[in-house]
Amino acid sequence: MQNEVVSREEWLEARRALLAKEKEATRLRDSVNAARLALPWVKVDKNYVFETPEGRKSLADLFDGRSQLLIYHFMLGPDWDAGCTGCSFLSDHVDGALPHLNHHDVTWVAVSRAPLDKIAAYKQRMGWQFPWVSSFGSDFNFDYHVSFSPGDLAKDKVFYNFTPMQPADANDELPGLSAFYRNDKGEIFHTYSSYARGPEELIGTLMILDRAPKGRNEDSTMNFVRRHDEYEEAAKAPSCCH
């Protein structure tokens, strides 16, 4: 199906109308960002321990000498064979941002409940460099509402994205992003979390597709996405010579 074809003058009028909406969306995003920065914080008093390639580390250690920590809750459970396709899609966009984040006093770490050897194998398969640690045996994933035990899923409701939801709509692992701050006294504060489609703006490919003629061209949210080593080679366009 093709959009209406109009004159350049008519297109320009329609484009200016859209530009007004785009500017409105930009101003709204700025307002949301300011409200996010103004959120109150919660002090983290629990001692979480993670398995890392360098040995066991605390939450404070994950900051790696910086004051800000972003943790991506990557869906890879202890008995999973591979990481979540959507989480993998987002994570394809991280490595290039690391030098910029690190030099802006921000550390990025992915956290999953899978054992460290399973994380290392999948990370090698995907060719990623960002830090990725295991919270296996820790309450961390459960406390931040991204992992659910069989007992949790047997209840009437589970708590995800700040809302009770039907267990049938949940999973043993779900995605999210959490932010933490560590002050000069070593105190750690939970400042922000986002779940479901909340971290979508981190996925640059989607932002590019939104500007393409067919947009995301999806039947349901990101149903077109595959792990980057699982795409079949696209068929070439027909040639007039064949």
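Trainee: What percentage of the 242 residues in the protein chain is made up of buried residues?

Mentor: Bear in mind that this is a predicted model, and that a residue is called buried when its relative accessible area falls under 20%. By that criterion, buried residues account for 34% of the 242 residues in the protein chain.

Trainee: How many helices and strands does the secondary structure of the protein chain come to, and what box do its C-alpha atoms fill?

Mentor: The chain has eight helices and 10 strands, and its C-alpha atoms, taken along the principal axes, fill a box of roughly 65 × 45 × 45 Å. Of the contacts between residues at least 6 apart in sequence, 60% join residues at least 24 apart.

Trainee: How should I read the surface and the charges: what share of the accessible surface belongs to carbon and sulfur atoms, and how far apart do the centres of the positive and negative sets lie?

Mentor: Carbon and sulfur atoms hold 53% of an accessible surface of about 15,500 Å². As for charge, the chain carries 28 positive and 36 negative side chains, with the centres of the two sets 4 Å apart.

Trainee: Where should I look for the largest pocket, and which residues lie nearest its centre?

Mentor: Start from Arg36, Leu70, Leu177, Ala179 and Tyr192, which lie nearest the centre among the 29 lining residues. The elements giving two or more residues to this lining are α1 (8-37), β4 (68-73), α4 (98-102), β5 (106-112), β9 (176-182) and β10 (188-195); α1 gives the most, with five residues. The space in this largest pocket comes to about 970 Å³.

Methods: Residues are numbered from 1 along each chain as its sequence is written. This is a predicted model: local features need pLDDT of at least 70, side-chain atom pairs count only at pLDDT 80 or more; totals for chains, interfaces and linings use all residues. Side-chain values use heavy atoms; hydrogens and water are left out. Helices (H or I, at least four residues) and strands (E, at least two) are DSSP runs, numbered from the N terminus. Buried means under 20% relative accessible area, exposed over 50%, partly exposed in between (1.4 Å probe, protein chains only). Contact means heavy atoms within 4.5 Å. Accessible areas come from the Shrake-Rupley method with a 1.4 Å probe; for residues, only the protein chains shown count as cover. Lys and Arg count as positive and Asp and Glu as negative; His and the chain ends are not counted. The place of a charge is taken as NZ of Lys, CZ of Arg, CG of Asp or CD of Glu. On a 1 Å grid over the protein atoms alone, a cavity is a set of points where a 1.4 Å probe fits but cannot get out, and a pocket is an open set with protein on both sides within 12 Å along at least five of seven lines; lining residues have an atom within 4 Å of a point. Grid points are joined across faces, edges and corners, and a volume is the space filled by probe spheres set on the points.
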